[in-house]
Amino acid sequence: MRTLPSALDGGTGADGRSTLARSIRDFRARAGFSQAALAERAGLSVAALAAIEQGTRRRPYVHTLAALADALELAAPERAALLALVDQPVAQPANAASAVPVQPVAASVPSASASAPALPSLPEPATRLIGRDQDVRTAVAFLRDEARPVRLLSLLGPGGVGKTRLALAIARELQTVYADGVVFVDLTPLRAVELVSATIAISLGLQESAGRSPRAVLSDYLRDRHVLLVLDNFEHVIDATPLLAELLASCSRLKVLTTSRAALGLREEQRMWVEPLRTDAADAPIEQVLARSSAVELFVDRASSVDPSFALEPLSAHAVVEICRRLDGLPLAIELAAARIPALSPRQIAAHLGNRFELLTAGNRGAPGRQQTLREAMDWSYELLREPERRLLRRLAVFAGGWSLEAARSVCAGPDMDEMVLVDILGELVDNSLVTVERHGLDMRYRLLETVRQYAWERLAQSGETNVTRDRHREWCLKLVERVEPEWLDAEQVALLDGMQDELRAALRWSLDAGHVEAGLRLGIGCWPMWYLRARFEEGRTWLLELQGAASDAELQVLRGRALAFAGHLSFAEGDTGGGESLLREGLAIAEREGDDTGICICSMYLGHVVGLRSTRAESEALYERALVLARALGSWPWQTRALMVLARVSYEQGELVRTQDFVDEALQLFAVRDHPTSRGRILAVSGRVAALSGDHVRARSLGAESIALLDQLGDKQGQAFAHGLAAHSALDRSDRVDAARHLAAVLSLTRETHERMAIARGLEGMAELQVENTPERAARLVGTAAGVRESARIAAAPIERDRLEVVLAQAERTIGPGAVSEAVAAGRPRSSGAHLGAVIEQAIADAEAMAYVKTETPPPARMPRAVAQDSGLTRREQDVARLVARGLDSRQIAAALVITEGTVRVHVEHILAKLELHSRSQLAVWVVEHGMLQAAD
């Protein structure tokens, strides 16, 4: 057993302080530790340990000495003797006042004394600080560096973000830095600004002095002292800011740390924003979130403290992540949610967060009132605002996502709030940490944390302004949607509407709920191209059908007919040709009855698409010709160019190249006057195909590349698939198999999002043509699968497509015989739907990418050294995903097998490819096989 050092063996110093310092030094020397080594073992900073050993840190916390005793591995008697030293009395001046709870009164004002009174200990937090290490380091660097000019550091953030807890951690780190101490002053109880100086004086332990003001007392006392004042919750006494300015000006060694929801606005102020805890993006892999999310760590820590049996399990992990995300990473809200764990599961808590202010009420009863429930925290912030700020905050709750300054002016300004005044008020809300601001390009975007938004929404309802605010929000959305004709949207307008999805959905729902059907129909019709270009077919169709179903008034029938037309087009685009045709014919009947030539033009155009797929060429072309005649009569450039574009495509598919070129030329003449990128991209694709058939392959490649780039810029995924398909045919015609493979991989990859049956069939048929020379049986199976896709969607092959397929099958028959080809085609048909089709598509993509891969200079993955497997760094989940990719499963099948989302699967695959420096799933499959991962799993 270790023997007691002499300092603890009966001997003490004059006041006990030297005994403690000498004892720690002796113990450390006996154990053979350096200061740095012991500090690391005990979880202390080197500076903190040095201060204890030098005797400048006179009364360390008991838990600090306990940590040192553990690190030194002291025997029980030694440990007890060491801990006893912290309770020894520390000599104090005879006139020192003990710290008491602050209850300042005007009749009792402390004054400075000749010698410094003992300062009260910093409040001891009940829980450990999580996720704030970098914040502590940053703040300490600001406040400890004498060479830096930071005299006043303000920790700013919304209520419940953990400013007080962070300030205490910073203060403890700085205790040994400030020779005359660190003092924590809680300003929460104050209701009068005049009492701030007296409260600080009492916290410093100063005595009364007749006839002297608290300001003079503080100024005299702090004039030459090296002190850090920590002033907590300064926002509700912010009018006391001049006091701080005076103290900082007269006390050269004084520094101040404040916590506040609003900036103080002093020249000396260094602002430091306290952000919510990290939650990670919604589509981040669950393993990554659990490893990196400080919000999740906080939930688990607090849940474990109220229920020791709580542990994060696979079934509860997703629910915990959802809770933290929906609570915006706000520590107070997360702690209140975790406090519910003894009675509710994480899944149940997540399910009730829509009513979070009623749910999150079971907090720490020993905490200040504003921290016991989420509502009290928000009430505290709200009551500190002036009425104009409250009014704007309420109205901003109408925005489901973020907003611009122009949006706030349009929706929230009015007779009681001038637009220019609104700018200043919005700035006040930003300064009060209730509105967050982010830079988007050259402009600023604003948003409310969801907790703040829900609270503001309740206040909006209480004010009786909900309906009028929602009406103004809907009108603002409508103006943006109708800024240009829906059928003439450009890339910028589509991107604008795409970024407003949450706002548009809220406005559409309000239109239906409030019975404003006309406005809702106009909104839905205006959103149609955006839904189409972003492949949100189901969502768009659902909104349009619900809106047209609510349109019973006679004056709304024109809009109803157009809504049916666009709903039919979206149904067709998704592959439901039967449903699309039914909706389009109903819309056409309404347009004809109402005499709506624009509606007739729209319905004729898209009905021509549907009947054209069934190879009823005469009816299809008649419908297109009708649309073109009406568009010309209406002077509608968008519909003229669309009609010309589809007529050019149909003519090409029939092999009528001269007629095709005529339509292309007329469309290009219109585009020279007024551009329409969506139609022009398709026209260029057809023009490139005509050039290829004419033997001009250089021009064909140029036009194809221009078409693909334009459609990619627009985000027009169906258009991209169409253009890539034509470019693939041109590449096959010039025997460029690598380029053809690249384009076909793009076609099939795009169908993962669009689910377009026509593109799937054409992509598989292109792959059959690409593979028939080397793998004729596989090519024949692909022809059979494509035929099954066409049959299920009632899509007939165009003459030019049938001609190419006949060549493919004939080549296969010459190699393996007619019987084998027939059997292979028949074997492929059952794989034309469901999971089987998904597997076929993924394999075809892998084959195409492998064929395109030979163009690169990097050696194929099969020749990679086996050592890569050991150093790959793949997680266990990533290894599972990699094996399933190698077995040919698509993302949906992998998601089902591993009980995760498809988005998570895609993220895993991206991370795996990045770690292994691969470029495709096919390369990954080869890598998995090469490194024995399948055998290991088996």
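Which residues of H22 are buried?

Modeller: A caveat comes before the answer: this is a predicted model. In H22, the buried residues are Thr466, Thr469, Arg470, His473, Arg474, Trp476, Cys477, Leu478, Leu480 and Val481. Look at the spacing in that list. Thr466, Thr469 and Arg470 belong to it, and so do His473, Arg474 and Cys477. An α-helix has 3.6 residues a turn, so residues three or four places apart point the same way. Trp476, Leu478, Leu480 and Val481 are buried too.

Now the wider chain. It holds 47 helices and 9 strands. Of its 938 residues, 54% are buried. Among contacts with a separation of 6 or more, 70% join residues 24 or more positions apart.

Strand E8 takes residues 436-440, and strand E9 takes residues 443-447. The two run antiparallel and are joined by 5 bridges. His440 faces Asp443 in E9. There are 2 residues between the strands, and Gly441 has a positive phi near 65 degrees.

An open sheet gives a parallel case. Its 5 strands follow the order E3-E5-E6-E2-E7, with parallel pairing. Strands E3 (182-186) and E7 (269-273) are the edges, each pairing on one side only. Neighbouring strands are turned by 20 degrees against each other on average, direction ignored. Inside the sheet, 4 bridges link E5 (residues 228-232) to E6 (residues 255-260). Helix H7 (residues 163-173) lies across E2, E3, E5 and E6. Against E6, H7 runs at about 160 degrees.

Last, a helix pair. H12 (residues 294-306) and H14 (residues 331-338) pack at about 35 degrees, and their axes are 8 Å apart. Their crossing is right-handed. From H12, the contact takes in Ala295, Leu298, Phe299, Arg302, Ala303 and Val306. H14 contributes Pro331, Ile334, Glu335, Ala337 and Ala338. By class, that contact has 9 nonpolar, no polar and 2 charged residues.

Key:
Residues are numbered from 1 along each chain as its sequence is written. This is a predicted model: local features need pLDDT of at least 70, side-chain atom pairs count only at pLDDT 80 or more; totals for chains, interfaces and linings use all residues. Side-chain values use heavy atoms; hydrogens and water are left out. Axes are lines fitted to C-alpha atoms, for helices over the stretch in contact, and angles run from 0 to 180 degrees between N-to-C directions. A crossing is left-handed if the near helix is turned anticlockwise from the far one by less than a right angle, and right-handed if clockwise. Contact means heavy atoms within 4.5 Å. Ala, Val, Leu, Ile, Met, Phe, Trp, Tyr, Cys and Pro count as nonpolar, Asp, Glu, Lys and Arg as charged, and the others, Gly among them, as polar. Two strands pair if DSSP finds at least two bridges between them. Buried means under 20% relative accessible area, exposed over 50%, partly exposed in between (1.4 Å probe, protein chains only).
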